[in-house]
Each structure stands twice: as structure tokens, then as C-alpha cells.
Amino acid sequence: MADIVYTYENQVYLNITNACPCRCKFCIRNNGDAVGEAKTLWFDKHNPDFEEIKAAVEAFDFTPYGKSVIFCGYGEPTCNYDVLIKACKYLKENGFYIRLNTNGLSDLINKRSTAKEICEMVDVLSISLNAPTAEKYNDISQPAYGEKSFDALIKFAIECKEYGAQVKMSVVDVISEEDIEDCKKLCEKLGIPLRVREYTA
């Protein structure tokens with residue numbers, strides 16, 4: 001089975017699915033089987049269930065890292081939604097600080113509004129913006145839901161902010177300087193900070 005818990009740059013990550021509705025042109029999972037200290041992040045047959053995640057967390061020594069985790073692996077965490085929420089509840093009850101790295105398409109994935117429930121469990125959300133417009137987002141992220149994806153992402157980000165979570169957006173520096181500037185302007189309008197991440201192959 002793939003690594004559920006792994007470390008990268010002195011932080012602890014939880015990999016809970018390989019499913020994702022996007023096929024981003026720069027996706028790091030196109031470059032190999034793992035990142036950081038993981039051996040592989042590809043699950044052979046199925047997503048891990050809650051008991052498997054709980055067992056992996058309990059077996060891991062958090063002493064050097066503190067009680068902090070980031071849901072981010074070789075898939076979109078909200079594709080394994082019920083398990084994500086159950087795992088977050090367990091982690092919260094055990095004093096963990098939780099960050100969720102997401103593509104922001106949870107409502108489309110799960111066919112309902114999810115921001116409130118997520119924000120009740122998660123301290124920080126990092127949402128992959130990737131582009132400043134729906135057309136450019138579709139080109140670089142190639143979402144399964146087509147043109148409505150970008151608006152759904154923006155709506156999700158706004159709702160998460162309204163529900164009191166700390167929300168950030170990110171772009172990778174593979175896009176043009178002009179698009180990065182337009183993303184900054186969009187995020188300023190939304191009142192959400194933007195992080196420009198350096199692409200690492």
C-alpha cells in the first residue's frame with residue numbers, strides 16, 4: 001500500500017486518495033511515484049479508509065514535527081470526502097492543527113455545498129487558483145467539470161473565508177508574469193492572500 005503519512009520539508013502530510021478531477025499540466029505526480037520521504041504515493045487498489053488512516057497516524061512519531069498535518073498527496077483530498085471529514089474530526093479531538101491543500105472543487109465533486117463542514121474541521125485551506133480566468137484555468141488545470149469549475153472554485157474560497165477559516169490561494173510560477181499579476185489582483189479583490197509557488201520537478 002502507498003504511504004498515507006509522509007514528510008516533506010520538515011512537515012507531515014496525509015495522502016488519502018489518488019482521485020482528482022483535474023489534470024494540471026504541471027502536476028508533480030506526473031514526475032514520479034513519490035515526493036519527500038515517501039516510498040510511493042500511489043494506492044494499488046483503493047483509497048484508505050478511516051481506520052487505515054488512524055492506524056498510520058498512531059504509528060507515526062510526531063515528536064520532531066509537532067501536532068500538525070497537511071492533507072495533500074497524489075490526489076484531491078475532497079474526493080475521499082467522508083473519510084477526510086472523519087479523519088479531521090479524529091485529529092481535532094487529539095489536538096492537531098490541520099491544513100487542507102485543495103483544488104477548491106469539492107462542491108462539484110460531492111454535488112453539494114461543503115465549505116461549512118470543512119471549515120468546522122480545518123484550520124487553514126490552501127486553494128490552487130492556477131489561473132486568473134475560467135478560460136486559462138480550463139487550459140492549465142483541465143478540470144472534468146469544464147467551464148463552471150473556475151466559478152465554483154471562487155465561490156468555495158469566498159464561502160470558506162465567510163465561515164472563518166484561514167484561506168490562502170496559490171499559483172505555480174509556470175504561468176506567465178502577466179497571469180500571476182492578474183491572479184494577485186483577483187485575490188486582492190477577494191481579500192484572500194496569494195502565494196506564488198516555485199515549480200519543482
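## Aromatic cluster and pairs

F60, F62, Y65 and F96 form one aromatic cluster in this predicted model. Rings of Phe, Tyr and Trp (its six-membered ring) are taken as a pair if their centres lie within 6.5 Å; planes under 30 degrees apart are called stacked, those over 60 edge-to-face, and the rest tilted. The count by this rule is 8 aromatic pairs.

One of these is the stacked pair of Y6 and Y13, with 5.3 Å centre to centre and 20 degrees between the planes. Y6 is buried, at 5% relative accessibility, and Y13 is buried at 8%; buried means under 20% relative accessible area, exposed over 50%, and partly exposed in between (1.4 Å probe, protein chains only). F50 and Y90 form an edge-to-face pair, 5.9 Å centre to centre with 80 degrees between the planes. This pair links distant parts of the chain, 40 residues apart: F50 belongs to helix 1 (residues 50-59) and Y90 to helix 2 (residues 81-93). Helices (H or I, at least four residues) are DSSP runs numbered from the N terminus. Both F50 and Y90 are buried.

## Cysteines

With a disulfide defined as a pair of cysteine sulfur atoms within 2.5 Å, the count is 0 disulfides. The sulfur of C22 is too far from the closest cysteine sulfur for a bond, because that sulfur, in C20, is 4.8 Å away. C72 is likewise in no disulfide, the nearest cysteine sulfur being that of C27 at 9.3 Å. C22 is buried at 5% relative accessibility, whereas C72 is partly exposed at 21%.

## Basis of the values

Residues are numbered from 1 along each chain as its sequence is written, and side-chain values use heavy atoms, with hydrogens and water left out. Local features need pLDDT of at least 70 and side-chain atom pairs count only at pLDDT 80 or more, while totals for chains, interfaces and linings use all residues.

Conventions:
Helix = DSSP H or I, 4+ residues; strand = E, 2+ residues; numbered from the N terminus.
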